[in-house]
Amino acid sequence: MLTAILIMTGIALVLGAVLGFASIKFKVEGDPLVDQIDAILPQTQCGQCGFPGCRPYATAIAGGEAEINQCPPGGEEGIRKLADLLGREFKPLSEEHGVEKPKAVAVIDEETCIGCTLCIQACPVDAIVGAAKQMHTIIAADCTGCELCLAPCPVDCISMEPIAETVDTWKWRYPVFTIKQAA
Amino acid sequence: MLRKLFNFHGGVKPATHKEESTLSPIAPVPLPDRLVIPLHQSVGGHPRPLVQPGDRVFKGQRIGAADGSLSSAVHASTSGLVRDVVPAVMPHTSGLTTLSVIIEPDGDDRWGELERVNFRSTPPDELRDFLRDAGIVGLGGAVFPSHLKLKPGKEGALQTLVINGAECEPFITCDDMLMRERAGDMLKGIIAMRHMLQAREVLIGIEDNKPQAIAAVQAAIAASGETGIEAVAIPTRYPAGGAKQLIRVLTGIEVPHGRRSTDFGVQCFNVGTAYSIFEALERGRPLISRIVTVAGNVDAPRNYEVLIGTPMDHVVRLAGARAGTDRYIMGGPMMGARMPAFDVPVVKATNCILVGSPALFPPPPPEMPCIRCGECAKACPADLAPFEMYWHSRAKNFGKAQEYHLFDCIECGCCSFVCPSHIPLVDYFRFSKSEIWAREREKEAADTARDRFEFKNFRQEREKQEKAEKLAAKAAATREKVGADGSAAGAAAASSGTAPAKPSGDDAKRALIEAAMEKARQQKAQVQPKNTDAATPAVQAEIAAIEARRQVSATHPTDAPPDRPPSSGA
Ligand code: SF4
Ligand code: SF4
Ligand code: SF4
Ligand code: SF4
């Protein structure tokens with residue numbers, strides 16, 4: 001009886017030591033939480049969430065200072081992913097922060113632009129090129145559609161154009177079938 | 001000699017329906033009223049339009065230039081007037097539009113000047129550029145630009161060139177008829193390809209349900225006297241015409257997941273592609289027409305030589321569409337895609353227009369739950385587990401679906417064909433694939449945006465810092481200077497014994513302002529016209545005259561209006 005108990009205790013101690021060692025030696029360097037949240041956010045950098053960019057918002061969520069439903073560009077899907085990641089309840093998008101819109105890019109009316117460079121300073125991703133008193137233009141591929149350049153423009157020559165679907169971006173629909181009622 | 005053939009995994013044997021459309025020879029199609037030629041017809045970049053509305057074009061004139069290396073040119077299929085260059089509905093399930101050139105034929109069908117090349121004396125790079133500009137793409141359905149595949153790997157030579165004449169999909173017979181009628185010319189194209197690839201042997205795989213085509217190709221090979229080219233009859237089983245499947249059957253090589261056949265010394269082309277390469281090299285004709293099978297709900301199924309851009313209903317009318325037609329399918333019943341309209345144009349990818357009706361293709365019975373019978377996995381020629389991929393696609397669990405090699409699925413439809421629960425498996429796989437692509441695009445865009453945002457912040461910080469440093473350095477320099485002056489003045493004052501020994505803060509500031517103003521004055525005085533040193537005496541005299549006028553008008557602005565020279569002589 002005693003030997004049995006001793007043996008079992010011995011085995012338990014050895015295994016415990018092995019496990020303890022393994023947990024130190026093979027520690028997985030996990031993504032810090034802020035990085036994981038930032039990876040879900042759409043990186044539009046629009047500030048609609050109330051923070052100056054996606055990463056500050058991610059930091060605020062991780063610190064428990066912000067709700068997960070404040071990012072309109074991320075939309076419902078983004079909130080769901082955040083809820084999954086953080087183990088929180090899903091909530092609909094908070095209305096005071098905005099509404100989900102189809103993706104768009106900003107376009108400058110080059111005839112009207114006076115070259116004041118204000119939009120360049122507003123663009124969070126440097127997607128506008130131009131110089132003082134020269135016509136400005138937007139690099140569509142880099143524009144995130146944040147709309148931050150719209151307000152500063154003194155001649156209101158920037159407008160948002162929705163991105164049209166092309167064959168390269170078209171998606172097959174989820175298969176749906178009409179279910180007939182049995183007679 | 002009987003060649004040893006191999007087996008591929010899975011496959012099915014649907015009813016072939018091929019006899020009906022092989023009874024009569026390939027027929028020409030009268031010119032339609034209007035050709036709609038989409039500029040984007042191959043895998044890769046979108047060609048740029050080279051014509052404008054109102055231009056007259058020849059048959060075979062290039063109207064779209066290849067955009068980069070992964071792209072292929074597009075040509076006018078007949079002579080006529082360019083009516084417009086606008087987005088038009090394309091032959092794609094989505095019903096979306098794409099930039100197209102609309103040509104009104106003038107009826108002359110006149111060729112422009114045709115340029116031929118001798119493939120034996122032309123360097124391979126030039127040949128590839130020539131084929132790109134001739135718009136040669138794979139005609140088996142994938143429309144991959146052929147010039148990119150005509151490169152003999154790293155070793156400089158290829159082991160086996162496989163020519164795909166299997167044509168395994170039901171209803172389609174365009175390759176069969178091509179081999180029966182044009183085997184000799186097709187073989188010349190194959191010889192050119194073999195030369196470009198330096199291939200040791202050529203195997204032409206043809207399903208054994210096409211004995212006439214096999215005989216015709218064999219006769220052509222015998223007549224040409226070439227060695228190392230063989231037409232091989234392979235067992236009829238769908239999808240023997242898939243590239244990986246055909247390579248497996250003919251050579252026994254199993255191309256693993258995520259590898260390409262060139263890594264194993266094999267390259268595969270369609271018979272139609274070989275024929276169009278012959279046309280381009282030896283006749284100078286770019287790819288402006290192709291053979292199209294019209295079958296299904298029509299009176300006389302047949303093959304037609306159709307100009308690219310011809311509306312589909314124009315061709316179907318010749319075959320006599322029957323009542324009850326409710327859709328056109330481009331391609332066959334297994335892999336084909338439903339067209340959004342009847343008048344979409346025939347493009348390079350159109351091997352068959354399958355005319356459908358509810359009687360011919362009744363709506364599928366309702367989908368039932370998967371019973372995990374494993375039939376789909378047994379039928380899958382890519383050796384996948386369709387029921388697993390289906391399970392995860394249905395749950396939109398795309399990462400898991402990818403783990404089951406979703407992207408190795410060739411969308412052949414064998415799994416849907418055998419599924420006892422009538423699950424449209426391929427629809428789920430297409431859905432999953434396009435969702436995954438979309439997510440990848442989004443993620444890429446987000447990553448770029450994140451980098452650019454971080455860089456902008458970094459840049460702003462850096463600029464702020466640089467500005468501050470510059471200001472600090474400047475301020476320090478001036479302070480030093482003023483300090484030196486001030487101490488000199490202070491010393492002078494101290495020696496006279498009247499002023500305070502130390503300049504007050506006000507004095508220092510005033511001194512700073514004065515120094516700045518003095519500097520500005522000096523700078524103004526220094527502004528001199530440049531580039532006058534090397535001027536000729538005549539030019540210098542002119543400058544002097546202008547200067548004099550300027551002085552006059554500066555002193556008497558009203559006397560000398562700028563449009564009249566000052567009347568110095570008066
Ligand atoms: S609201 Fe705008 S700035 Fe805030 S997380 Fe969403 S995309 Fe980023
Ligand atoms: S803010 Fe408006 S006017 Fe000024 S540079 Fe930008 S687009 Fe031009
Ligand atoms: S054949 Fe159909 S029912 Fe059978 S395992 Fe595959 S998906 Fe499920
Ligand atoms: S469609 Fe894809 S999964 Fe289905 S049998 Fe063909 S290759 Fe396999």
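This report walks through a helix pair, a ligand shell and a chain contact in a predicted model.

## Ground rules

Residues are numbered from 1 along each chain as its sequence is written, while chains are lettered from A and ligands numbered from 1 in the order in which they are written. Since the model is predicted, local features need pLDDT of at least 70 and side-chain atom pairs count only at pLDDT 80 or more, but totals for chains, interfaces and linings use all residues.

## Two crossing helices

In chain B, take helix α3 (residues 174-197) and helix α6 (residues 271-283): their axes come within 7 Å and cross at roughly 55 degrees. Helices here are DSSP runs (H or I, at least four residues), numbered from the N terminus. Axes are lines fitted to C-alpha atoms over the stretch in contact, with angles from 0 to 180 degrees between N-to-C directions.

That makes α3(B) oblique to α6(B). Oblique is what remains once angles under 35 degrees (roughly parallel), over 145 (roughly antiparallel) and 65 to 115 (roughly perpendicular) are taken out.

## Around ligand 4

Of the 16 residues around ligand 4 (C-beta atom, placed from the backbone, within 6 Å), B:C380, B:C409, B:C412, B:C414 and B:C415 come nearest. α12(B) gives the most to this shell, with 3 residues.

## Where the chains touch

The contact takes 21 residues from chain B and 21 residues from chain A. On the chain B side, α12(B) supplies the largest share, 14 residues.

Definitions and conventions:
Contact = placed C-beta atoms within 7 Å.
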